Amino acid sequence: MLIANSVLDRVFFCNSGAEANEAAIKLARKWGIQNRDGGYEIISTNNSFHGRTLATVSATGTAAYREPFGPPTPGFVFVDYDNMEQIREATTPQTAAIMLEPVQGEGGVNVPTSDYLQQVRVWCDEQGILLILDEIQTGMGRSGMLWAYEQAGIEPDIMTSAKGLAGGVPIGAVLAKEHASVFVPGDHGSTFGGNPLATAAGAHVMRRLLEGGVLANAKARGAQLQQRLAGLQDRHVLVSGERGIGLLRGLELSSDVAVDVANAAREAGLLVNPVRPDLLRFMPPLTVAAAEIDQAVAIVEEVLDSIEQN
Ligand code: PLP
């Protein structure tokens with residue numbers, strides 16, 4: 001079902017997002033060793049998040065996740081997100097792949113300029129290197145489409161998925177185009193990878209996403225949340241803007257009060273994540289109702305009122 005509903009040709013199932021990215025990294029490194037004369041470097045971006053295993057923290061462009069654990073896995077080079085020039089400068093004969101989130105989630109709901117992913121795709125084709133998209137946070141309908149790459153109008157060579165893939169049952173997947181599928185039996189494996197429980201749950205979630213109006217709901221509720229959050233700017237000095245895609249949205253704050261707002265919102269019954277000191281991330285369920293969006297924004301508004309008055 002994943003292959004039938006994506007541009008990728010092959011899939012390997014594992015048990016989490018980090019594991020999916022581990023597999024993607026191994027696959028790209030093997031491909032580079034075979035096709036780039038031994039080159040195995042992967043260009044990643046500052047503020048990215050790719051998981052908490054040793055290779056995926058090494059691929060993560062946030063020092064706090066990476067640095068407490070001694071020497072990182074070699075072979076990762078970091079550039080600023082949404083900066084084509086730095087990608088060009090960082091690409092060498094050693095480069096095998098560029099690894100990106102279509103929108104950086106944990107790093108602050110960072111939405112790149114509209115042609116960034118297209119430019120990266122063109123660059124990868126010109127240079128003969130792979131594009132790995134980490135759709136663990138942006139995929140499975142979060143963007144309002146099944147995959148965020150569809151919105152960008154590009155095709156990755158390797159893609160990873162997890163999080164909502166089986167609706168809460170642990171699963172991860174790495175997908176690849178045929179030309180990048182260089183694993184042979186024995187290269188990779190996992191005892192529980194592809195187990196019947198997780199894949200049955202995943203198949204059910206996929207059917208509901210494709211048939212049940214969930215994507216249309218995510219798109220409509222995303223637009224509603226965008227509008228409501230943007231409206232807060234008119235009434236609150238603490239709000240400086242709003243950004244995101246679909247139901248992955250960030251509320252920009254004019255000072256570092258995100259933790260205070262998140263704590264007070266939790267007390268009032270709403271979970272939001274202060275992913276940056278001045279940014280709150282909203283990731284409601286894709287099935288969220290219109291009234292629940294209004295209720296959530298009303299809670300944020302009350303919290304902002306009380307912080308602004310103190
Ligand atoms: N990649 C991205 C973009 C993520 O947002 C996450 C989790 O937040 C991961 C990878 C890691 O996934 P997991 O927590 O399932 O290992």
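**Close-up 1. The hairpin between S10 and S11 in the predicted model**. S10 is joined to S11 by a hairpin that passes through two residues. The two strands are antiparallel, and their pairing comprises two bridges. Asn-273 is the residue that stands opposite Arg-281 of S11. S10 covers residues 273-276 and is an edge strand of its sheet.

**Close-up 2. The four-stranded antiparallel sheet**. The strands follow the order S8-S9-S11-S10, and the sheet is open. Its edges are formed by strand S8 (239-245) and strand S10 (273-276), each of which pairs on one side only. Averaged over the sheet, neighbouring strands are turned by 30° against each other when direction is ignored.

**Close-up 3. Pairing of S8 with S9, and the helix packed on the sheet**. S8 and strand S9 (residues 248-253) run antiparallel and are joined by six bridges. Within this pairing, Gly-244 has Arg-249 of S9 as its bridge partner. Helix H8 (residues 214-235) packs on the sheet, where it touches S8, S9 and strand S11 (279-282). The direction of H8 makes about 165° with that of S8.

**Close-up 4. The seven-stranded mixed sheet**. This open sheet has the strand order S1-S7-S6-S5-S4-S2-S3, with mixed pairing. Strand S1 (10-14) and strand S3 (76-79) are at the edges and have a single partner strand each, so one side of each is left without a neighbour in the sheet. From one strand to the next, the twist averages 20°.

**Close-up 5. Strands S2 and S4 with helix H5**. Strand S2 (residues 41-45) pairs with strand S4 (residues 95-100) in the parallel sense, over three bridges. Ile-42 has Ala-97 in S4 as its bridge partner. Helix H5 (residues 116-127) lies across S2, S4 and strand S5 (130-134). H5 runs at about 165° to S4.

**Close-up 6. The shell of residues around the ligand**. The ligand is surrounded by 13 residues, of which Gly-17, Ala-18, Asp-134, Gln-137 and Lys-163 are the closest. By class, the shell consists of three nonpolar, six polar and four charged residues. Helix H1 (residues 17-35) gives the most to this shell, contributing three residues.

Key
Residues are numbered from 1 along each chain as its sequence is written. This is a predicted model: local features need pLDDT of at least 70, side-chain atom pairs count only at pLDDT 80 or more; totals for chains, interfaces and linings use all residues. Side-chain values use heavy atoms; hydrogens and water are left out. A residue is near a molecule or strand if one of its heavy atoms lies within 4 Å of it. Ala, Val, Leu, Ile, Met, Phe, Trp, Tyr, Cys and Pro count as nonpolar, Asp, Glu, Lys and Arg as charged, and the others, Gly among them, as polar. Two strands pair if DSSP finds at least two bridges between them. Axes are lines fitted to C-alpha atoms, for helices over the stretch in contact, and angles run from 0 to 180 degrees between N-to-C directions. Contact means heavy atoms within 4.5 Å.
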